[in-house]
Amino acid sequence: MHVRKVIIVIVCTFLVSMSLYFVGSSQTKRSVTASSYRKGRSYTLFVHQKQKINFVKKTNKVKWKSKNKKIATVDKNGIVTAKKVGKVRIQAIYKHIIYHYIVNVKSRKISKIDCVGDSITYGTGVVQTRSTDAYPVMLKRAFSYNVTVNNYGMPSYTLQDEGNLPYRSTGYIQRVMSDKPDVIIVMLGTNDCKPINWNKDRYIKEYTALIKQFKGISSHPDVYMMIPPALDLSHVGRKTTISEKNVNALPGIIKGIAKKTHVHVINLHDVIKGHSEYYFDKVHPNKQGNQKIVKKIVSALSKEYIFKDQKSKTSKK
């Protein structure tokens, strides 16, 4: 009986000591966790702006991490690149301590836009009034502040160098390279859809190369690939040799190129489809059609860029 009491005492003592151990260790763990986080300063960046985060210590043994790479990325040196409007937390991990930095990405103004394309960009559907009604001109008027919008559209030209009229021969690509624009809007492919020009694999290869070339410009432009409008073969306007089947294949092809090259897509394929009143002929939008196109472009760009300057609105009052 005495032995049994001794054993019970020993077991109880052991259980109590273990419970105290776990309580103490959990408290220690909580205190370690609480002391493992540090709050850093906040940064405000504009879209595409870069900023090096000033770490508290002079060391390169820091692991950097962005909690949302769609809004901003961070490299191994703590340099943040703003990608999209929003708020993101950047983490710096050093010796089991996590430092938090908040980055607010805001929209910014545009200085220059280059519009690359064929006759739709040029303004063939509004040829008599293209100085006011071509879509690049309308796009310029959508801003409340001064923005340079260059119209580098060339009627009948193809994206493919092997096409009957290759766009590269116009010299406009070199001009875009020297312009160093903030934004490039590219819409090429309608003339590539003619049976004499169509080669899907070649089109993908050469378009991919062009987008990469544009992305390599020192101004780091934001590139938007525009999917051309659908044809309106029921329109009473002049005939066309452009294949409707090939035009209808462009949305999937261009989206694939954009995904591969990490650029934006503006899909115009269905914007005026089925509305003959928005077409000049079977291919080209008229003034009303261009208005619909510009509305779509503004909707896409306004996610990252300022269209209405608050100072301009205030000064008008």
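**Exercise 1.** In this predicted model, determine how the residues lining the largest pocket divide into nonpolar, polar and charged.

*Solution.* The lining divides into eight nonpolar, six polar and twelve charged residues. In the next step, the position of these residues is considered: the largest pocket is lined by 26 residues, and those nearest its centre are His48, Lys83, Asp222, His262 and His264. Turning to secondary structure, two or more lining residues come from each of strand S11 (222-227), helix H7 (244-261) and strand S12 (264-267). The space in this largest pocket amounts to about 890 Å³.

**Exercise 2.** Describe the second largest pocket by its volume, by the residues nearest its centre and by the classes of its lining residues.

*Solution.* The volume comes to about 240 Å³. Of the 18 residues that line the second largest pocket, Ser119, Asn191, Arg238, Ile242 and His284 lie nearest its centre. Sorted by class, the lining of the second largest pocket holds four nonpolar, eight polar and six charged residues.

**Exercise 3.** Decide whether serine 66 is buried or exposed, and trace the polar contacts of its side chain.

*Solution.* Serine 66 is placed in strand S3, which spans residues 63-66. Its relative accessibility is 9%, and because buried means under 20%, serine 66 counts as buried. The side chain of serine 66 reaches the backbone oxygen of alanine 72 at 2.6 Å, while a polar atom of that side chain lies 3.3 Å from the backbone nitrogen of asparagine 68. Leaving aside residues up to four places away in sequence, serine 66 touches Ala72, Thr73, Val74, Val88, Arg89 and Ile90.

Note on methods:
Residues are numbered from 1 along each chain as its sequence is written. This is a predicted model: local features need pLDDT of at least 70, side-chain atom pairs count only at pLDDT 80 or more; totals for chains, interfaces and linings use all residues. Side-chain values use heavy atoms; hydrogens and water are left out. Helices (H or I, at least four residues) and strands (E, at least two) are DSSP runs, numbered from the N terminus. Buried means under 20% relative accessible area, exposed over 50%, partly exposed in between (1.4 Å probe, protein chains only). A polar contact is a pair of N or O atoms within 3.5 Å; within protein, one must be able to donate a hydrogen and the other to accept it, and residues adjacent in sequence count only if both atoms are side-chain atoms. Contact means heavy atoms within 4.5 Å. On a 1 Å grid over the protein atoms alone, a cavity is a set of points where a 1.4 Å probe fits but cannot get out, and a pocket is an open set with protein on both sides within 12 Å along at least five of seven lines; lining residues have an atom within 4 Å of a point. Grid points are joined across faces, edges and corners, and a volume is the space filled by probe spheres set on the points. Ala, Val, Leu, Ile, Met, Phe, Trp, Tyr, Cys and Pro count as nonpolar, Asp, Glu, Lys and Arg as charged, and the others, Gly among them, as polar.
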